Amino acid sequence: MKLNVKRTILVGLAFLSISAFWQLYDSLVPLILKNTFQVSDTISGGIMAIDNVLAVFMLPLFGSLSDRVHTGIGRRMPFILCGTAAAVIAMLFLPFADNIGSLALFVTALLVTLIAMGSYRSPAVSLMPDVTPKPLRSKANAIINLMGAVGGVISLILISVLVPKEGKPDYFPIFLIVAAVMVLSVLLLLWKIRENPLRLEREKTDAGLQDGENAELDASAADSSASADGAKTALEPAVRKSLIFILISVACWFMGYNAVTTAFSRYAQIYWGIQGGGFANCLLIATAAAILSYIPVGSIASRIGRKKTILGGVVLLASMFAIGGTVKEYHVWINGLFALVGVAWAAINVNSYPMVVEMSRGSDIGKFTGFYYTFSMAAQIVTPILSGFLLEHVGYFILFPYAAFFVVVAFFTMLFVRHGDSRPLPKKSRLEAFDVDD
């Protein structure tokens with residue numbers, strides 16, 4: 001069995017679109033709040049958590065809704081199209097509000113944008129497992145994350161090049177270019193991907209694998225699943241326990257990682273003294289390292305298992321954050337630290353979502369996608385506020401130790417996960433991950 005790389009790349013265009021926006025959001029919205037509207041770090045953290053508050057309710061809701069919708073263009077595609085259209089219109093009012101100094105318009109546009117983004121994130125992420133057989137989902141998720149990283153790189157390059165070191169920046173060109181990237185990505189996705197036929201093909205493949213000898217799933221995970229006809233059965237207690245612990249782990253490592261990504265633009269300018277958009281270079285290096293790592297860590301997981309790969313990534317991420325906590329001013333070698341952060345995050349991200357949906361039934365992938373994002377977003381509600389409070393009242397030095405602590409907690413909770421680690425298929429060659437089926 002071979003992964004259709006070309007098709008997976010096209011499916012990943014939806015995630016490229018999403019990631020381009022979120023990188024822009026995480027990097028520039030905190031700066032606008034602090035520099036234009038003079039908002040404190042604690043309140044800024046609260047505003048940055050709004051998207052996650054909305055996501056806790058919206059992602060499971062729209063994930064489940066997209067499980068039930070049936071249209072000529074698919075279950076997920078209508079949400080992706082409508083959500084993108086609403087988001088790109090609303091997001092262009094953010095730099096406009098910044099330029100005219102209207103906080104009311106800025107917050108209103110931000111709320112509309114975040115609601116629009118939340119309406120299609122779960123359906124967009126669910127599209128990959130919809131069209132990919134279970135044993136290939138770690139590899140496919142590696143490509144999806146790679147596409148997301150490309151979206152993030154686009155935004156970071158724009159920020160690095162177009163944000164001046166002196167004077168008040170005009171962010172409108174950056175937002176406009178990112179909006180164009182989002183629209184073009186989704187239109188190409190709609191043109192090239194026929195969701196309904198591909199989903200039926202995947203369901204037939206999974207049904208055959210369930211009865212086959214060469215692609216036997218993890219016993220407990222398989223027992224908890226229904227066949228492709230959508231028959232419903234309850235999760236076994238052992239599987240439910242694994243699901244709970246991996247969701248707690250997801251929350252913990254997002255508590256650490258998101259604290260850094262949300263506060264880093266302020267941290268780099270205030271604590272390390274990096275001027276203008278120079279902070280984006282560190283994040284760009286981390287993202288580039290992640291891009292180079294996504295395919296290898298997906299292949300590693302197919303050999304040693306998803307859980308072991310995640311645990312290795314967690315150890316590396318916690319170590320890099322702990323070292324980062326000792327740095328009091330910017331040095332060139334910090335770029336190496338961020339490169340390893342990117343590698344670690346790739347190892348975690350590529351494998352955690354497939355482990356969650358591996359425990360689902362074929363008929364409720366969107367629901368389990370919602371579970372994954374509920375816990376990740378819940379963590380991202382708390383961590384900008386909590387870390388923002390600590391930065392304001394304790395000091396900026398606390399950011400990296402704070403992040404390292406929560407990643408360490410995730411290591412111990414992950415030890416209790418016993419399911420979702422699908423047995424790999426034997427490979428014919430090391431280049432199989434790059435094979436493309438026409």
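**Notes on a predicted helical chain**

1. Val407 touches Cys252, Gly256, Val314, Leu317, Ala318 and Phe321, not counting residues up to four places away in sequence; a contact here is a pair of heavy atoms within 4.5 Å. Val407 sits in helix H18, residues 399–414. Helices (H or I, at least four residues) and strands (E, at least two) are DSSP runs, numbered from the N terminus. The relative accessible area of Val407 is 0%, so the residue is buried. Buried stands for under 20% relative accessible area, exposed for over 50%, and partly exposed for what lies in between, with a 1.4 Å probe and protein chains only. Between the C-alpha atoms of Val407 and Phe254 there are 8.0 Å, although the two residues are 153 apart along the chain.

2. On the basis of these notes: this is a predicted model, in which local features need pLDDT of at least 70 and side-chain atom pairs count only at pLDDT 80 or more, while totals for chains, interfaces and linings use all residues. Residues are numbered from 1 along each chain as its sequence is written, and side-chain values use heavy atoms, with hydrogens and water left out.

3. The chain as a whole has 18 helices and zero strands. Of its 438 residues, 60% are buried. Among contacts with a separation of 6 or more, 85% join residues 24 or more positions apart.

4. Thr383 is part of helix H17 and is buried, at 0% relative accessible area. A polar atom of the Thr383 side chain lies 2.6 Å from the backbone oxygen of Met255. For reference, a polar contact is a pair of N or O atoms within 3.5 Å; within protein, one must be able to donate a hydrogen and the other to accept it, and residues adjacent in sequence count only if both atoms are side-chain atoms. Neighbours within four places in sequence aside, Thr383 is in contact with Phe254, Met255, Asn258, Ala259, Gly388 and Tyr402.

5. Val341, in helix H16, counts as buried at 5% relative accessibility. Its contacts, leaving out residues up to four places away in sequence, are Tyr257, Leu317, Met320 and Phe321.

6. Arg7, Val11, Leu198, Arg199 and Arg202 are in contact with Val131 once neighbours within four places in sequence are set aside. Val131 and Thr8 are 123 residues apart in sequence, and their C-alpha atoms are 8.6 Å apart.

7. Helix H6 covers residues 93–100, and Leu94, Pro95, Ala97 and Asp98 are buried in it. Seen down the axis of H6, these buried residues fall within an arc of 160 degrees, so they line one face of the helix; the arc is that of the directions from the helix axis to the C-beta atoms. They pack against H2 (13–36), H5 (77–91), H7 (103–118) and H10 (172–192). Just after H6 comes Gly101, with a positive phi of about 70 degrees.

8. Gln38 has a positive phi too, near 55 degrees, and is a residue other than glycine. Gln38 lies in the loop between H2 and helix H3 (41–48) and counts as exposed, at 61% relative accessibility.

9. There are six cavities of 30 Å³ or more. A cavity is a set of points, on a 1 Å grid over the protein atoms alone, where a 1.4 Å probe fits but cannot get out, and its lining residues have an atom within 4 Å of a point. Grid points are joined across faces, edges and corners, and a volume is the space filled by probe spheres set on the points. The largest cavity holds about 890 Å³.

10. The lining of the largest cavity consists of 43 residues, with Ser19, Arg121, Tyr257, Trp345 and Asn349 nearest its centre. The elements that give two or more residues to this lining are H2, H4 (50–68), H8 (121–131), H9 (137–162), H13 (237–270), H14 (279–304), H16 (334–358) and H17 (365–393). H2 gives the most, with seven residues. By class the lining has 26 nonpolar, 14 polar and three charged residues; Ala, Val, Leu, Ile, Met, Phe, Trp, Tyr, Cys and Pro count as nonpolar, Asp, Glu, Lys and Arg as charged, and the others, Gly among them, as polar.

Technical notes
1 Å grid on protein atoms, 1.4 Å probe; cavity = no way out; pocket = protein on both sides within 12 Å on 5 of 7 lines; lining within 4 Å.
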